[in-house]
Amino acid sequence: MNYRHAYHAGNFADCMKHALLVSLLSHFLRKPAPFMVLDTHAGLGRYDLLSTEAEKTQEWHSGIGLLADEPHDSPLTPWLEQVKKTRNPHVYPGSPLLISYLLREQDRLICCEKHPDDKRKLYGVFARNPAVAVHERDGYEALRALLPPKDIKRGLVLIDPPFEELNEFARLAQAVSTIQARFPAAIITIWYPIKHRTPVRNFMTGLQDAGVRDILTAELLMKPATDPGQLNGSGLMVIKPPYGFAEQASQQLTRLKTVFHAFSAEVVQSVAQ
């Protein structure tokens, strides 16, 4: 599969992922010490929801399109306030642009995108932002080259692969091992699709068997995970989540479940040992 996110930007999976990501990053902002974010599969940075690709699938209509009138006291408001910073209701910010909105002068963002055309567009988004570095390289390879960051002790690694490869979960497991060896203080955040339960269950079990502890999974299912040919839902795994994040994630997923008329929403956190 040759995945192009322009067809899917702003859909239910993006909304879930980005709402939780903004909540995670807000925990770094509580202290003045700098933090770094490494986005291994950054994409374009921003997406035109009126583009040919977006209009072909119209997935955003049942995602961000349903949240235009969200009340101010919604648990989704911190993320939606960042979305509005594009100043265009038909431009949807991807993960790197959302992250950049939250950076302070002392913080840094490193984006990796291996597709040359996408990298050029991403570079154009951040050409005048000295806090953001854009690399044309494989995100998994970048973990060894770019970690640990220099002079920064806090950070988050976001891995949001296109799942073009059949062995993507195995690559993710190796990535977790690499990050924990090179940057043990990092919060690791992994997005994954839910088509049927077996691959996700095997991935989780493999991490636990390898000694990975303090894992939170947040999942939003639009339909039961019984059809392996369909994207039935999506999940976000957070390794070493900050205190209080589980409650935030639960509130946000509950709201998304209501707005999207989803089948289920669940947050599960293992006990650190």
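Reply: In this predicted model, helix α7 presents Phe169, Leu172, Ala173 and Val176 to helix α8, where Pro199, Val200, Phe203 and Leu207 receive them. The residues of this contact comprise 8 nonpolar, no polar and no charged. Helix α7 spans residues 168–182 and helix α8 spans residues 197–209; their axes come within 10 Å and cross at roughly 25°. An angle under 35 degrees counts as roughly parallel, and α7 and α8 are therefore roughly parallel to each other. The crossing of these two helices is right-handed.

A second pair, α1 and α9, may be described in the same terms. Helix α1 covers residues 12–28 and helix α9 covers residues 245–260, and the axes of the two come within 10 Å, crossing at roughly 155°. Since angles over 145 degrees count as roughly antiparallel, α1 and α9 are roughly antiparallel to each other. Their crossing, too, is right-handed. On the α1 side the contact is made by Phe12, Cys15, Met16, Ala19, Leu20, Ser23, Leu24, Ser26 and His27. On the α9 side the partners are Phe245, Gln248, Ala249, Gln252, Leu253, Leu256 and Phe260. Sorted by class, the residues of this contact are 11 nonpolar, 5 polar and no charged.

One of the α1 residues in this contact, Ser23, can be followed in more detail. Ser23 lies in helix α1 and has a relative accessibility of 6%, so it counts as buried, the cut-off being under 20%. Leaving aside residues up to four places away in sequence, Ser23 touches Phe245, Gln248 and Gln252. With Gln252 there is also a polar contact, formed between the two side chains at 2.8 Å.

Thr57 belongs to helix α2, which runs over residues 52–57. At 29% relative accessibility Thr57 counts as partly exposed, whereas Ser23, at 6%, counts as buried. Thr57 and Leu236 are 179 residues apart along the chain, and 23 Å separates their C-alpha atoms.

Definitions and conventions. Residues numbered from 1 in each chain as written. Predicted model: local features only at pLDDT ≥ 70, side-chain atom pairs only at ≥ 80, totals over all residues. Heavy atoms only, no water. Axes fitted to C-alpha atoms, helices over the stretch in contact; angles between N-to-C directions. Helix = DSSP H or I, 4+ residues; strand = E, 2+ residues; numbered from the N terminus. Parallel < 35°, antiparallel > 145°, perpendicular 65-115°, else oblique. Left-handed = near helix turned anticlockwise from the far one by under 90°. Contact = heavy atoms within 4.5 Å. Nonpolar A, V, L, I, M, F, W, Y, C, P; charged D, E, K, R; others polar. Buried < 20%, exposed > 50% of the residue type's maximum accessible area, 1.4 Å probe, protein only. Polar contact = N/O pair within 3.5 Å; in protein donor to acceptor, adjacent residues only side chain to side chain.
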